[in-house]
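Colleague: I am new to reading protein models. Could you walk me through one, feature by feature?

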Amino acid sequence: MTKKVLIADDEPNILISLEFLMKREGWLVSVARDGIEALAAIHRERPDLVLLDVMMPGKSGFEVCAALRADESLAGIKVLMLTAKGRDTDVAQGLGVGADGYMTKPFSTKELAARVREMLA
Amino acid sequence: MSPALIIGAALAYLLALFGVAAWADRRAAAGRSVIGNAWVYALSMGVYCTAWTYFGSVGRAAATGVWFLPIYLGPTLAMVLAWPVLRKMIRISRAYRITSIADFIASRYGKSAALAGGVTLIALVGVVPYVALQLKAVSSAYALMTGGSPDAPGLPGAWWADTTLYIALLLAGFTILFGTRHLDNTERHEGMVAAIAAESVVKLLAFIAVGVFVCWGLFNGPADLFARARAVPEVARVLQPAARFAYDQWFALLLLAMLSVIFLPRQFQVMVVENVDERHVRRAAWAFPAYLLLINIFVLPIAVGGLLFFGTGQANPETFVLSLPLAAGVPWLALVAFVGGLSAATGMVIVEAIAVSTMVCNDLVLPLLLRRKAFAQRELTGLLLGIRRAVIVGLLLLGYVYFRVAGEAYALVSIGLISFAAVAQFAPALLGGMYWKGGTQRGAFAGLAAGAALWAWTLMVPSIAKSGWLGDDFATLLTHGPWGIGWLRPEQLLGLGGLDNLSHALFWSLLANAGLYVGLSLWKPPSAREASQALLFVDVFERASAGRVFWRGRARVADLVSLVGRFLGPERATSLFLGYARRLGRQGVEQLDADAALVHFAETQLAGAIGSASARVMVASVVEEEVLEIDDVMRIVEEASELRHVNERLLSLDRLKDDIMSSVTHELRTPLTSIRALAELMRDAPDMDEPQRQQFLGIVVTETERLSRLVNQVLDMAKIESGHAEWHNSDIDLRALLQQAALSTAELFRERGATLVLTLPESVPALRGELPALRADADRLTQVLLNLLSNAAKFVPREGGRVELRLTTDALGATIEVIDNGPGVPLEQQQLVFEKFRQGGDAAHRPQGTGLGLPISRQIVEHFGGRLWLRSEPGAGSCFAFSLPWAGPKDEETRP
């Protein structure tokens, strides 16, 4: 069965590129434009993996991730955080709220695709 | 009981105490200090309670009822009210490595060797009676326990047969073991403090044990005890409150005790020198008074119990603690009480002797020795210890002599009060020095000298005269005055009668002391050295004072290291300097600069070992110094505070820069992410269909434009903020400027399907005759207008969008408003939109902005003396407006 990927980012152009990339990789893709929309989509779509931007209006990526991890019914969903802030403290915070991985922007599309494949394997 | 048993118990106790000290020292060496604990600190203060408390208080209570109390209420008041004073003393002593009260006072008044010596002499002479008191108490107790008469302990015999002498020597030996075992003079006496804390527990428990025995063993509880006391007229008299409340005497005693609890050399030692953590003071501020309360609870019951048991005048009340259990046939309890009393006496003697030996060694002996050529170049660590040991033996022997001379004439409590009055003389110079920068060495010295002289004349001389030791002729001094001069009588000086001898002495000595201190200090201003030390002491809590070093001259690192090595040992000196170098980020001692800070460091290390006055002299002998004038001191203070200001500004700028860098990084990475991702996707898919490729390329171009805009605006912002922006001011015609701006944005509004309405007054009045109405940079104002208009265009609804650009004028200036019919700005975002990199609205509208437009606009408007603000009600559109005053900034023409 094809795995589902949810992309949450408030930058429309990044959303466009990620959507194209994930579709090319053969995943089923849905998108969300802010933190609140992302949480709703997670409950609705039950994706296998979320590509989660950190700096989003409404709810930050950290908050979305924490809420997701706090919900037993959503267990098993993988989270890959994406952020334009690459400081060590941000990485630590991301992993602290239960993200499975962390990539800084700008990222290599190849690396990101490989990372997603590996996490969904 | 047999002397062997008593001596055996005493020795066993002292050995146990020594065991505690050795254990604490071992723990300290292993890095697990036992004295880093507020309870141990508070208990070690219990050294205040000596044999005086243990035996003397009961004697006093048996004679005068509640009169034993002020000596404990004083310290309670002092700790509860004046703990901040104590904290400041600790901070000062820590900062400048002060190890005694003599050093404290001398250091404050320009590191004066004369003052240090004077304070030491007063302390030495003052504590001798106190030491004698301990000896008297222990020897009376020993005599009583072995069945002799407590009132004439060993007196008839010659000195070599006197047990008291051997007690004195034994105590001296133990003190040497406790306090001067280490070759390192500057280290704290961890073992001693632990042992003192243990002693405080022992004497408290022993005293309470006797109290419980008297109350419930001999009588049926306190109620029964006091009921019976009231039935016996002689005893009831003791409990009766005096007909007239003796305010003067209470005041004198309270004041004396308040000052003593801080200024007695042993109290200064445990409370200030041995303190490891300032925060412990807070706990001690109530724990120590609580200790005093506990140890005093049973004083009155024991006194009354003794009077009832033996009958008044039948036994010496000062030994009730021992005689009651003995007479009641409970010898083991008497032995416990004896050990408790011994504990109280040894604790006092050990700490007092260590404190006094440090002072005598550093402030009396060393300055004399250092003048002699023979000592000038030797290593002196061993010698220092030898001197201290000799001083300890000497102090105990002096105490013994005083005991032989005057010990019989006075009760324990009276002897103790003589000592209290001596150390009270430190109060004006010490407290004044901590809080008043104007105090001078001259004033302090004169005050101390006068206070000490009057103390000796009004208290010490009478105590010796009353002993009859110098013959009856000498005793007439008290009744007729020297050479028959009546107004010089020691206990009625200048005819002042009607006071008890203690209040009388305290009144005259403190009056002369404080009067001379203040008077002479005001008479001539302090020297540069005194003024600089005054600043270091009084401002010790101010951050500005950290890093102030009042020294100028030339020095060599090697000289300083070898100097410190002579007193602390070469190895310790090397490791101290290496530690200092490491803290500065240097690899080794040889990389240090011999600057003022290093000289100060060396001097402070030396001060810990030999006192600040001697340290000053020694450092001066190995460096070339410039003499500082008072102006230099003031300049150094100013430079230091200026430096601190600059540092603080740099720090806050640094933090600001960090925040901005973090935001700029985020803003730069976001478009870069799209550009890189899309470019990679196109590279990896050569067969991508054309419309898709066109969309991607379009985004790449847009994002590149966004990057350029961002770079430009960041640079623009940086220029304006740093004051490097160029301003080409000219006379502005606002009507024309607004019309131009409307034209420039016409295309933008057409694209958005919105209308732009221009509302202008008929003409802009030129004020004050021919003067131009407004001077500003036309391009910059246009930049503001375009920013506000394009923002408005972004937020108006897709259908029926309407923006109004309105100009109004009044007497003060012009106001330009940009009013849209968009969604408005939510209240919580109204301040936010003016912050850098914060954008309002939702994501879909954002890619156009950088989050810098409004902050830049605001900076520009404010540059011309105007104001930019937002008025908006959510759902009812928003109005961004700015005002410009007619008289702009003072013609600030083009700045290159």
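Predicted model: local features only at pLDDT ≥ 70, side-chain atom pairs only at ≥ 80, totals over all residues.

Colleague: Let us begin with the chains. How many helices and strands are there in chain A?

Modeller: Chain A has 5 helices and 5 strands. Read from the N terminus, its elements go β-α-β-α-β-α-β-α-β-α.

Colleague: And how many helices and strands are there in chain B?

Modeller: Chain B has 34 helices and 9 strands. Of its 896 residues, 46% are buried. In chain A, with 121 residues, buried residues make up 41%.

Colleague: Now sheets. What is the general idea for side chains in a strand?

Modeller: In a regular strand, side chains alternate between the two faces of the sheet. Now for the case in chain A. Its open sheet has 5 strands in the order β2-β1-β3-β4-β5, and the pairing is parallel.

Colleague: Why is one side of β2 and of β5 in chain A left without a neighbour in the sheet?

Modeller: β2 (28-32) and β5 (101-104) of chain A stand at the edges. Each has a single partner strand, so one side has no neighbour in the sheet. From one strand to the next, the twist averages 20°.

Colleague: Can you show me one pair from that sheet?

Modeller: Take β1 (residues 4-8) and β3 (residues 49-53) of chain A. They pair in the parallel sense over 4 bridges. Look at Val5(A): its bridge partner in β3(A) is Leu49(A).

Colleague: What is the strand order in the open sheet of chain B?

Modeller: The order is β4-β6-β7-β9-β8, again 5 strands, with mixed pairing. The edge strands are β4 (754-759) and β8 of chain B, and each pairs on one side only. Here the twist averages 15° from one strand to the next.

Colleague: How do I read a helix?

Modeller: An α-helix has 3.6 residues a turn, so residues three or four places apart point the same way. α8(B) is mostly covered, with 21 of the 29 residues buried.

Colleague: What about cores?

Modeller: In soluble globular proteins, nonpolar side chains tend to be buried together. The largest nonpolar core here has 214 residues. Ile105(B), Val119(B), Leu256(B), Phe263(B) and Ala421(B) have the most contacts inside it. Helix α16 (residues 331-371) of chain B gives the most to this core, 24 residues. A second, separate core has 41 residues, including Val5(A), Leu21(A), Met81(A) and Leu681(B).

Colleague: Where does chain B touch chain A, and which element gives the largest share?

Modeller: In total, 18 residues of chain B are in contact with 19 residues of chain A. On the chain B side, α29 (630-684) and α30 (690-722) each give two or more residues. The largest share, 13 residues, comes from α29(B). This side divides into 8 nonpolar, 6 polar and 4 charged residues.

Colleague: Last, one residue. Is Pro855(B) buried or exposed?

Modeller: Pro855(B) is buried, because 21 other C-beta atoms lie within 10 Å and the cut-off is 20 or more. Pro855(B) sits in helix α34 (residues 853-863) of chain B. Beyond its neighbours within four places in sequence, Pro855(B) is in contact with Met717(B), Phe834(B), Glu835(B) and Lys836(B). Glu835(B) is 20 residues away along the chain, yet the two C-alpha atoms are separated by 6.0 Å.

Key
Residues numbered from 1 in each chain as written. Chains lettered and ligands numbered in written order. Pairing = 2+ DSSP bridges. Axes fitted to C-alpha atoms, helices over the stretch in contact; angles between N-to-C directions. Buried ≥ 20, exposed ≤ 12 C-beta atoms within 10 Å, placed from the backbone. Core = buried A, V, L, I, M, F, W, Y, C linked by C-beta atoms within 7 Å. Contact = placed C-beta atoms within 7 Å. Nonpolar A, V, L, I, M, F, W, Y, C, P; charged D, E, K, R; others polar.
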